[in-house]
Amino acid sequence: MEPNCIFCKIIAGEIPSDKVYEDGDMLAFRDINPQAKVHVLVVPKSHFATLAEMDAAQAELVKKCLQKVPAIAESLGLAGGYRLIVNQGADAGQTVHHLHIHILGGQNLGEKLV
Ligand code: AMP
């Protein structure tokens, strides 16, 4: 746990979240400022900012997060599809420096921005 990290505090239960899934490896909760009708963040329970900083154990956690995404998406009613975004660094607009996967859906997202 990183004391100044908001996602570490959410994982620790020090800050409330609208949780949609949790296990020993990850926490998924609704984004406080949703950019789509459904906007959930999947956060590994190990603090590291970017893929470049990730060690082998953390890579296993990310793998588990990605493997769980379809089940989380199904539980959110995203049968029509969804988009994943993992912002990396300043140019991508990353504001929370604890790696997280955005799940966006619940509407037609269009074909722009990949
Ligand atoms: P990023 O810009 O990729 O770093 O995304 C960080 C995301 O975290 C943004 O979409 C924020 O709206 C979201 N966020 C920040 N604080 C909270 C919070 N306390 N609960 C839920 N989502 C949050």
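Leu27 is buried, with a relative accessible area of 0% (buried means under 20%, exposed over 50% and partly exposed in between, with a 1.4 Å probe and protein chains only). This is a predicted model, in which local features need pLDDT of at least 70 and side-chain atom pairs count only at pLDDT 80 or more, while totals for chains, interfaces and linings use all residues. Residues are numbered from 1 along each chain as its sequence is written, and side-chain values use heavy atoms, with hydrogens and water left out.

**Leu27**

- Leu27 sits in strand β2, residues 26-30 (helices, H or I with at least four residues, and strands, E with at least two, are DSSP runs numbered from the N terminus).
- Not counting residues up to four places away in sequence, Leu27 touches Ile10, Ile11, Ser17, Lys19, Tyr21, Glu22, Leu41, Val42, Val43 and Lys45 (contact means heavy atoms within 4.5 Å).
- From Leu27 to Ala73 the C-alpha to C-alpha distance is 14 Å, and the two are 46 residues apart in sequence.

**Loop between β4 and β5**

- His98 belongs to the loop between β4 (82-85) and β5 (101-105), and its relative accessible area of 0% makes it buried.
- The side chains of His98 and His47 make a polar contact at 3.2 Å (a pair of N or O atoms within 3.5 Å; within protein, one must be able to donate a hydrogen and the other to accept it, and residues adjacent in sequence count only if both atoms are side-chain atoms).
- Apart from residues up to four places away in sequence, His98 touches Cys5, Phe7, Cys8, Ile11, Val43, Pro44, Ser46, His47, Phe48 and Ala49.
- Gln94 also lies in the loop between β4 and β5, and Gln94 counts as buried because its relative accessibility is 6%.
- The Gln94 side chain reaches two backbone oxygens: that of Ala49 at 2.9 Å and that of Val96 at 3.1 Å.
- With neighbours within four places in sequence left aside, Gln94 is in contact with Ala49, Thr50, Asn87, Gln88, Gly89 and His100.

**Ligand surroundings**

- The ligand is surrounded by 16 residues, of which the closest are Asp31, Asn87, Thr95, His100 and His102 (a residue counts as near if one of its heavy atoms lies within 4 Å).
- Asp31 places a polar side-chain atom 2.5 Å from a ligand oxygen atom.
- For Asn87, a polar side-chain atom lies 2.8 Å from an oxygen atom of the ligand.
- In His102, an N or O atom of the side chain is 2.8 Å from an oxygen atom of the ligand.
- On its own the ligand has 510 Å² of accessible area, and the protein covers 84% of it (areas come from the Shrake-Rupley method with a 1.4 Å probe; for residues, only the protein chains shown count as cover).

**Salt bridges**

- The whole structure holds five salt bridges (a side-chain nitrogen of Lys or Arg within 4 Å of a carboxyl oxygen of Asp or Glu).
- Glu22 and Lys45 meet through their side chains at 2.7 Å, N to O. Glu22 lies in strand β1 (residues 19-22) and Lys45 in the loop between β3 (38-44) and α2 (56-75), so this pair ties together parts that are 23 residues apart in sequence.
- Glu22 is partly exposed at 33% relative accessibility, and Lys45 is partly exposed at 29%.
- A network of salt bridges links Lys19, Glu22 and Lys45.
- Asp25 and Lys64 form a salt bridge at 3.6 Å, N to O. Asp25 is in the loop between β1 and β2 and Lys64 is in helix α2, so the pair ties together parts that are 39 residues apart in sequence.
- Asp25 has a relative accessible area of 21% and is partly exposed; Lys64 is partly exposed at 36%.
- Glu60 and Lys63 form a salt bridge at 3.7 Å, N to O. Because they are three residues apart in helix α2, Glu60 and Lys63 are separated by about one helical turn.
- Glu60 is partly exposed at 40% relative accessible area, and Lys63 is partly exposed at 41%.

**Surface patch**

- Leu66, Tyr82 and Leu84 form a nonpolar surface patch with about 250 Å² of accessible area together (patches are made of residues with over 30% relative accessible area and no salt bridge, with like charges joined within 9 Å and nonpolar side chains, namely Val, Leu, Ile, Met, Phe, Trp and Tyr, within 5 Å).
- Tyr82 is part of strand β4 and counts as partly exposed at 32% relative accessibility.
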